[in-house]
Amino acid sequence: MPTTPNYSWPTPADTGYVKNGAQDMRNLGNAIDTTMATMVPKSTVTTNGDLIYGTGSGTLTRLGVGAEGTVLTVQGGVPVWSGAGTDNWTLISASGNLTSGAIYTFSTVSGYKKLRLVSIGVFAAGATYSIRLNADAGGNSYWWGGSATGSPTQDAMRLQSSTGQLGFCIDFRTADQNTPQIGEGASSGLGQIRVGRYTAGAITSVSLITSAAAFTGGNVALYGSN
Amino acid sequence: MAKTDRPLHIEKNVVTGEVTERPLNDEEYVAWLAAQEPSTDASA
């Protein structure tokens, strides 16, 4: 018996008898019906931007397009649109009130793709401040921001306050090799500061350093995000 | 300045929460002294 080229549906032979026509049509219809049951109906999608994903063997569902700026990610083993690339920052550790020390270091940092160092009212009279990554001994860190770029010998960044009191919020990539990062501006961008390391390898420690003999107040905290 | 009189380096292990204090080591102390000098570089 002849069959169709793609799905091998049975068709009557040219020499077939007319009396078998009903059966031939039934066979063809049943074959088509079987094939169509394996297809995704066009009615599955209803809206511009709809996606279809599998929910199991031979089962599908529709996923409507996400809101503007959202990204496709996975939650609970299924794809979902997630909010605007927002970071879910977790407090890794906080210093408590700084009343001593010229260097405060968060060490043994791991497991995060981004770090955020937040200083609230850190104070050391007449001081300048530095941020150092991985206890860098020279030339492996950089900061870019505003119209100035630099790579201080040891410090990822140096900050100064006319009052001696320091507040900032700076984000780092934990493994950064001087390439543009998501959410960060170019080196000439406005209001953007990038801090990172030229060399490969994760950031495992972050230090806040004062040029004074000791911190005399304020807090510094380290947050992480993936 | 005697090593024991140097400023302190306070380190917090974020995994264990342990906080340790020690005087700056030689490398840190040299860098700390250098930071006392006025900066003339926009990046420093």
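The model is predicted: local features need pLDDT of at least 70, side-chain atom pairs count only at pLDDT 80 or more, and totals for chains, interfaces and linings use all residues. Residues are numbered from 1 along each chain as its sequence is written, chains are lettered from A and ligands numbered from 1 in the order in which they are written, and side-chain values use heavy atoms, with hydrogens and water left out.

Chain A holds one helix and 15 strands. Helices (H or I, at least four residues) and strands (E, at least two) are DSSP runs, numbered from the N terminus. Of its 226 residues, 38% are buried. Buried means under 20% relative accessible area, exposed over 50%, and partly exposed in between (1.4 Å probe, protein chains only). In chain A, 65% of the contacts with a separation of 6 or more join residues 24 or more positions apart. A contact means heavy atoms within 4.5 Å.

Chain B has one helix and two strands. Their order along the sequence is β-β-α. Buried residues account for 32% of its 44 residues. In chain B, 6% of the contacts with a separation of 6 or more are between residues 24 or more positions apart.

Buried in α1(A) are A:Asp24, A:Ala31 and A:Thr35. They lie on the same side of α1(A), because they cover an arc of only 35° around the axis. The arc is that of the directions from the helix axis to the C-beta atoms. On the other side of α1(A), A:Ala22, A:Met25 and A:Asp33 are exposed.

Strand β15 of chain A (residues 217-225) is largely enclosed by the rest of the structure, because seven of its nine residues are buried. β15(A) pairs with β7(A) in the antiparallel sense over eight bridges. Two strands pair if DSSP finds at least two bridges between them. Within this pairing, A:Arg116 has A:Tyr223 as its bridge partner in β15(A). Strand β5 of chain A (residues 90-94) also runs antiparallel to β15(A), joined by four bridges. Here A:Ala94 stands opposite A:Ala221.

Strands β3 (residues 71-75) and β4 (residues 78-82) of chain A are antiparallel and joined by five bridges. A:Val74 faces A:Pro79 in β4(A). The two strands form a hairpin with two residues between them, and A:Gly76 in the turn has a positive phi of about 65°.

A:Thr108 has a phi of about 60°. A:Thr108 sits in the loop between β6 (103-107) and β7 (114-123) of chain A and is partly exposed at 39%. A:Ser8 has a phi near 55°. This residue precedes α1 (21-36) of chain A and is partly exposed at 46%. Another loop residue, A:Ile203, lies between β13 (193-197) and β14 (206-210) of chain A. A:Ile203 is buried, at 2% relative accessibility. Its C-alpha is 9.3 Å from that of A:Lys113, 90 residues apart in sequence.

Four salt bridges are found over all chains. A salt bridge is a side-chain nitrogen of Lys or Arg within 4 Å of a carboxyl oxygen of Asp or Glu. In chain A, A:Asp50 and A:Arg62 meet at 2.5 Å, N to O. A:Asp50 is in the loop between α1 and β1 (51-56), and A:Arg62 is in strand β2 (residues 59-63), 12 residues apart. A:Asp50 is buried at 13%, whereas A:Arg62 is partly exposed at 34%.

In chain B, B:Asp26 and B:Lys3 form a salt bridge at 3.5 Å, N to O. B:Asp26 lies in helix α1 (residues 26-34) of chain B and B:Lys3 in the segment before β1 (8-13), so the pair ties together parts that are 23 residues apart in sequence. B:Asp26 is partly exposed at 40%; B:Lys3 is exposed at 51%. B:Lys3, B:Arg6 and B:Asp26 are linked in a network of salt bridges. B:Glu28 and B:Arg22 meet at 2.9 Å, N to O. B:Glu28 is buried at 8%, and B:Arg22 is partly exposed at 31%.
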